[in-house]
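Subject: A structure for you to look at

Hello,

I am passing this structure on to you, and I hope you enjoy looking through it.

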Amino acid sequence: MTEAVTRYHVRPAGPLGGTVRAAGMTKNAGCKQLAAALLCPGVSTVRNLDPVADLDVMCELLRAIGARVVWETDDALSVDATGPLVPEAPYELVSRMRASINVLGPLLARHGRARVAMPGGDNIGSRNLDLHARGLQAMGVELDVVHGFIDAHVDALCGARIVLDFPSVGATETLMTAAVMAKGETVIDNAAREPEISDLAAFLGEMGAQVHGAGSHTITIEGVDELTPVDHAVIGDRIEGGTYLFAAVIAGGDVTVEGITVEQLGVAVDKLVDLGARVEPTLDGVRIVMDGRPRAIDVQTLPFPGFATDFMPFAVAALAVADGTGIVTENVFDNRLAFTAELNRMGAHVHTEGRHAVVRGTGRLSGAPVQALDVRAGAALVLAGLVAEGETVVHDARHIDRGYPDLAGKLVALGGDVTRTAG
Ligand code: EPU
């Protein structure tokens, strides 16, 4: 099958205004909960999902494993994991999506065996799995990488005390799902604290798992003998929602994003304020008001509640049009700044050195053909296009489609001039 060639066409249209609703956090939370549905026989339902490309890959993967996956309503998928399951995740699917690794923990918990191809995903760095592997080994798993597959098996998972070198989101998720039916207590120290971890803990708790402390540095899981299917609505997508807040910083205006909270944005709220915006919570969301050019600031990415690495490309785009020079340091991924060369094609002045980018703001970007290298970098180019003279065409927009159900539609709802073409 040949994939449609998708592009975003963007033209400046003045300040943004109005209200949009953040989608459900489908890529970074919903897909993981669908994988966690493999933990027990029966039908689990995940709600508040939006049709992003990564969701299709997760559905295909779960079907390849032997689950029945059915749309219940427009936004709810049910997973019947009664089985029999084939504890194997094939390369063709795993190579398309990083979250495929999330079947590893549930398959080990349920079957004591998993063979999962090494994952792909975004082009943003080396993205090791050593923390997943070491934690699982501490729980008694024998694990090997053979011919590009992680081959893991265990007679009985045993609770363990695990200290992560780095609060990895993926490793925390793998270890949580492996631990819920392990014998005894598992303690994950230096755990990731992202809101999607708390949402996974809520999902697992509703299944009958004993998970405590999610959202803090230490998560404690008391293994139970059995889990039961759940019906769970996934949280709003703070990264998608945050994208529109940064859009307002770049284009100016008065924008409200419903379905997310100020707390879910962490330090990013302070940075939006430092950039010159007024940010306030509303009853069901976050409002941002921005007048004039952004002010130059320095930003460094860190695990939650630090400045999210997924917001970094938007910060670079904002600094590209800021009054002054800012420095951006990417601490989470080792190759996430490559997209700045695309921004420079639009007249930005970004100089990178390893994990650092010096961004000298200019009052004048010019629309150009550019390429989306990953989902957030692609979205950042669309945001830059909102204030670039003439037309910006973002090619390879399939990357954007992996995480955004309707980026063009929502920007248009806010008064932007953005169209997505496919074919
Ligand atoms: N790392 C290791 N060893 C491991 C695991 C991670 O060295 O075993 C390193 C990674 O190489 C990376 C860093 O730790 O340098 C952070 O990785 P983490 O495991 O926290 O991230 P992830 O689970 O691979 C998820 C999101 C990313 C988001 C990060 C950080 C999904 C599918 N992906 O990735 O989302 O940036 O957490 O919050 O949930 C995106 O949405 O654009 C995106 C890339």
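Below is what turned up on its domains and its helix packing.

A word on the basis: this is a predicted model, in which local features need pLDDT of at least 70 and side-chain atom pairs count only at pLDDT 80 or more, while totals for chains, interfaces and linings use all residues. Residues are numbered from 1 along each chain as its sequence is written, and side-chain values use heavy atoms, with hydrogens and water left out.

Let's begin with the domains. The protein splits into domain 1 (6-23 + 236-422) and domain 2 (26-233), with bounds that come from an automatic or database domain assignment. Their C-alpha centres are 30 Å apart. Across the boundary, 24 residues of domain 1 touch 23 residues of domain 2, where contact means heavy atoms within 4.5 Å. The two domains bury about 1900 Å² between them, and 52% of this is on carbon and sulfur atoms. (Buried area is the accessible area, with a 1.4 Å probe, that two parts lose on being put together, summed over both.) On the domain 1 side, Phe304, Phe333 and Arg402 lose the most area to domain 2, together 33% of what that side buries.

Next, the helices, which are DSSP runs of H or I with at least four residues, numbered from the N terminus. Axes are lines fitted to C-alpha atoms over the stretch in contact, and angles run from 0 to 180 degrees between N-to-C directions.

Helix H1 (residues 26-36) and helix H7 (residues 195-206) have axes that come within 10 Å and cross at roughly 30°. That angle makes H1 roughly parallel to H7, a label for angles under 35 degrees. Asn28, Ala29, Gln33 and Ala36 of H1 meet Glu196, Asp199, Leu200, Phe203 and Leu204 of H7.

H1 also packs against helix H2 (residues 53-65), at an angle of about 10° and with the axes 10 Å apart. H1 is therefore roughly parallel to H2 as well. Here Thr26, Lys27, Cys31, Leu34 and Ala35 of H1 touch Asp54, Leu55, Met58 and Leu62 of H2.

Finally, helix H8 (residues 238-251) packs with helix H12 (residues 375-385) at about 30°, their axes 10 Å apart, so H8 is roughly parallel to H12. Ile239, Thr243, Phe246, Ala247 and Ile250 of H8 make this contact with Arg376, Ala379 and Leu383 of H12.

Note on methods. Helices (H or I, at least four residues) and strands (E, at least two) are DSSP runs, numbered from the N terminus. Angles under 35 degrees count as roughly parallel, over 145 as roughly antiparallel, 65 to 115 as roughly perpendicular and the rest as oblique.
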